[in-house]
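Please keep the sequence and the 3D view open as you read.

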Amino acid sequence: MYKRIFPLLLTLALLLCASPALAAEGDVNILTKDGPVWVGTQREADTLRLLWSSDRGKSWYLADGYVYDTGLTDIQDVQYTGRDYFLTGYQCKFAYTSDDGKLWTQMKIINQPWFEENAGYITNGLCGGSYQLLWTGTEYLMRQSIQGDPRQTHNMRPPNPRNRLVTVLDENYTILSSVAFDGEVQSIRYENGTGYAAVDGVEHSFTRADWENNFEGPGIVYRRFYSDGTVILQQEVNSRGMGRGRCSYDGVNWTQVPDGEEVSFSEGTTGMRAHPYFASTGRGFVRIGAYQRDSLATVDGLHWFSVGDRDWLLESADCWTSVSLEGRRELQFVWTGTEYLVCQDVAHFGPDLYAESAANTKVFFLDENYDQVRQYDFGSKVLRVGCHGGICYAQVQATDPDSGLSAPAVFASEDGERWEETDLESIPVEAGSLKKPPLEGGVYAGGYVLRLEGGSLLVSDDGVYFTPLDTIPPYQDIIPVPYGRMEAYPGRDGMQLRLMAVGGDGSSVLNEKEVSYINADIDAAIAAAFPGDRCYATLDGAYISFDDPPYAKNQRVMVPLRNISEALGFTVEWVNEDGRDLAVCTRDGVTVRVEIGSARAEVNGEACALEAPSEVLRGRTYVPIRFFSEQFGLDVDWDQDSCTVLLKQ
């Protein structure tokens with residue numbers, strides 16, 4: 001019996017020795033009685049101890065994790081949020097959090113912009129403020145009152161603008177959104193899915209709909225997108241330089257990227273550190289900072305790891321821009337399918353200084369962990385790199401030996417070790433399933449071609465057949481300007497588009513519009529516009545684009561008259577003569593007249609017959625392609641396997 005009882009008594013004694021009661025309630029300054037435990041402080045000499053009690057103040061115990069530094073002698077406030085405890089120090093200069101009130105962790109304020117930004121307002125002993133946090137069940141609502149020096153003659157800064165916000169934080173205290181009010185928020189509460197904020201003595205209600213899809217109220221300065229073809233990465237920065245990142249596979253459904261110790265989407269206030277540089281690698285993203293040590297990489301956009309110590313970055317250490325210099329640090333990454341191909345353009349310059357990195361003449365091959373596998377030095381600056389059909393390419397600044405002029409040359413390699421100069425003028429682009437490259441003004445986006453035309457956004461999955469996705473109203477200014485420039489960021493399941501209305505100078509952007517499309521919806525629109533098998537036509541090997549598809553009828557291919565005429569350089573005019581509707585096509589003294597709905601036609605006034613009557617379908621006039629082409633002196637052939645009419649001049 002004693003053998004069983006003795007271990008229990010010994011364990012109890014050890015526990016009592018490990019956590020001795022320190023003081024009675026009267027000796028403790030109680031900071032909060034909310035939550036599972038009470039929290040208070042007790043001063044001993046020059047040290048302020050943080051204590052907790054689980055028996056309503058009868059016994060107090062020393063908390064773990066809190067730094068008992070005589071320099072941090074004052075704890076301003078401790079509050080229970082409904083989920084955990086939040087402690088702020090004197091003048092809100094430091095903060096701790098605790099799940100149970102017993103074990104505390106100091107908040108790294110440099111990773112929390114809303115806390116770090118207040119340091120600029122706390123300039124002396126007359127400054128200070130307070131926080132109030134409430135847990136809703138899925139996020140925190142936070143109110144603050146941060147004041148600068150109150151003396152009118154020494155008013156360093158006005159009250160923090162965030163005092164007018166209810167800031168929404170995730171479980172890691174990272175900013176998600178906010179709700180703005182006309183005055184300083186004095187208190188907040190949350191009941192049954194509704195939040196309440198007291199402003200100038202009046203309580204205002206708000207709901208989740210008021211903060212969802214809203215980041216820092218109306219203060220967004222810019223929003224940038226990046227794409228690796230699978231993940232779309234978004235960076236938003238507000239007027240105070242605070243940022244957030246989000247990821248999406250389709251441009252519609254977004255996931256917040258933690259803005260913590262791994263990667264920051266916020267902007268600083270000095271030098272090049274104010275502009276985090278994100279680059280797509282074709283298999284994730286890289287964040288390039290002001291120093292190599294700030295550089296990070298990710299595959300999925302959510303989980304980041306440091307690459308700042310990699311050899312290929314350290315080769316540019318002598319020219320990597322510091323915050324005190326102007327400079328350039330541009331890197332291009334290409335995923336070849338097994339490794340990364342990288343080139344750099346790193347330089348710094350000042351009033352009497354200009355230097356380029358020796359790494360600018362090299363290409364680097366990295367494994368999936370961004371460790372260097374090999375490199376190749378061209379001896380001249382590498383401008384761009386690419387990979388197409390299993391061949392690696394590098395565009396290098398070279399000098400023509402005959403003229404002495406500088407001109408880029410394209411080199412190719414199958415293994416990254418042996419490079420040969422080619423006759424190419426530019427690096428080939430992977431076109432996927434496209435039959436023709438994007439037309440001028442068109443954008444290639446993950447297997448689709450998009451272009452803006454006549455106020456409509458057109459899409460194609462082969463570069464030949466285009467169908468409208470949406471009709472976009474023009475930017476309404478004094479003179480309506482259509483959206484004429486486009487950027488596309490494709491993901492695995494959809495895409496994010498940025499449409500821009502451009503000024504008369506061709507460069508200034510008057511307005512922007514962001515739209516997103518799911519790939520399944522795009523495919524459905526294309527299938528509805530072009531049902532069944534598609535027929536094609538090429539002219540000297542180049543595919544002719546059609547607004548409506550050609551079709552086969554009675555072993556003849558019928559094509560839209562306007563499309564085939566304009567592809568051959570003819571102008572088309574529609575006229576009515578004696579009750580007959582005619583299409584008149586002209587080019588270089590040749591005139592072809594086609595009677596709509598009839599097999600009658602004329603070439604330079606001479607009557608001739610079509611193989612089949614022209615006809616109108618979906619508002620388009622169709623004609624037999626063989627007759628029309630042969631009248632213009634073209635050779636006509638037919639490829640049954642690809643359902644393509646081959647025209648040769």
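**Briefing on the predicted model**

Ser460 lies in strand E35, residues 456–460. The model is predicted, with seven helices and 52 strands in the protein. Of the 649 residues, 47% are buried. Among contacts with a separation of 6 or more, 44% join residues 24 or more positions apart.

**Ser460 and its surroundings**

- Ser460 has a relative accessible area of 0%, so this residue counts as buried.
- Its side chain reaches the backbone oxygen of Tyr465 at 2.7 Å.
- Beyond four places in sequence, Ser460 touches Gly447, Tyr448, Val449, Tyr465, Phe466 and Ile526.
- Phe466, one of those contacts, also carries a charged neighbour: Arg451 lies over the face of the Phe466 ring, at 4.0 Å from the ring centre.

**Aromatic rings**

- The structure contains 27 aromatic pairs.
- Phe305, Trp312, Phe333, Trp335, Tyr340 and Tyr370 are linked by ring pairs into a cluster.
- To describe a pair of aromatic rings, give the distance of the centres and the angle of the planes.
- Lys102 lies over the face of Trp52, and the distance to the ring centre is 4.5 Å.

- Strand E6 (residues 85–89) pairs with E7 in the antiparallel sense, over four bridges.
- Leu87 has Tyr96 in E7 as its bridge partner.
- Strand E7 covers residues 95–98; Ala95 and Thr97 point one way, while Tyr96 and Ser98 point the other way.
- All four of these E7 residues, Ala95, Tyr96, Thr97 and Ser98, are buried.
- On to the next strand: E7 and E8 (residues 104–106) run antiparallel and are joined by three bridges.
- Opposite Ser98 stands Trp104 in E8.
- E7 and E8 form a hairpin, with five residues between them. In the turn, Gly101 has a positive phi of about 85°.

- E44 (residues 571–577) and E45 (residues 580–587) run antiparallel, joined by seven bridges.
- Cys585 in E45 stands opposite Val572.
- The hairpin of E44 and E45 has two residues between the strands, and Asp578 takes a positive phi near 55°.
- E45 also runs antiparallel to strand E46 (residues 590–595), with six bridges joining them.
- Thr586 has Thr591 in E46 as its bridge partner.
- E45 and E46 form a hairpin with two residues between them. Asp588 in that turn has a positive phi of about 50°.

**The loop between E51 and E52**

- Gln640 is found in the loop between strand E51 (635–639) and strand E52 (644–648).
- Gln640 has a relative accessible area of 57%, so this residue is exposed.
- The side chain of Gln640 makes a polar contact with the side chain of Trp638, at 2.8 Å.
- Gln640 and Cys535 are 105 residues apart in sequence, and their C-alpha atoms are 9.7 Å apart in space.
- Cys643 lies in the loop between E51 and E52 too.
- Is Cys643 buried or exposed? At 17% relative accessibility, Cys643 counts as buried, because the cut-off for buried is under 20%.
- Cys643 is not a glycine, yet its phi is positive, near 55°.

**Asn192**

- Asn192 is found in the loop between strand E13 (185–191) and strand E14 (194–199).
- Its relative accessibility is 80%, so Asn192 counts as exposed.
- Asn192 has a positive phi of about 50°, although this residue is not a glycine.

**Confidence**

- The protein averages a pLDDT of 80, and 79% of the residues score at least 70.
- Where is confidence lowest, and where is it highest? Helix H1 (residues 2–18) is lowest, at a mean of 48, and strand E27 (residues 362–366) is highest, at 96.
- Over residues 152–157 the pLDDT stays under 50; the model has eight contacts beyond four places in sequence for them.
- Residues 268–274 also have a pLDDT below 50, and this stretch has 14 contacts in the model beyond near neighbours in sequence.

Terms used
Residues numbered from 1 in each chain as written. Heavy atoms only, no water. Phe/Tyr/Trp six-rings, centres within 6.5 Å; stacked < 30°, edge-to-face > 60°. Lys NZ or Arg CZ within 6 Å of the ring centre and 35° of its normal. Buried < 20%, exposed > 50% of the residue type's maximum accessible area, 1.4 Å probe, protein only. Pairing = 2+ DSSP bridges. Polar contact = N/O pair within 3.5 Å; in protein donor to acceptor, adjacent residues only side chain to side chain. Contact = heavy atoms within 4.5 Å. pLDDT = per-residue confidence, 0-100.
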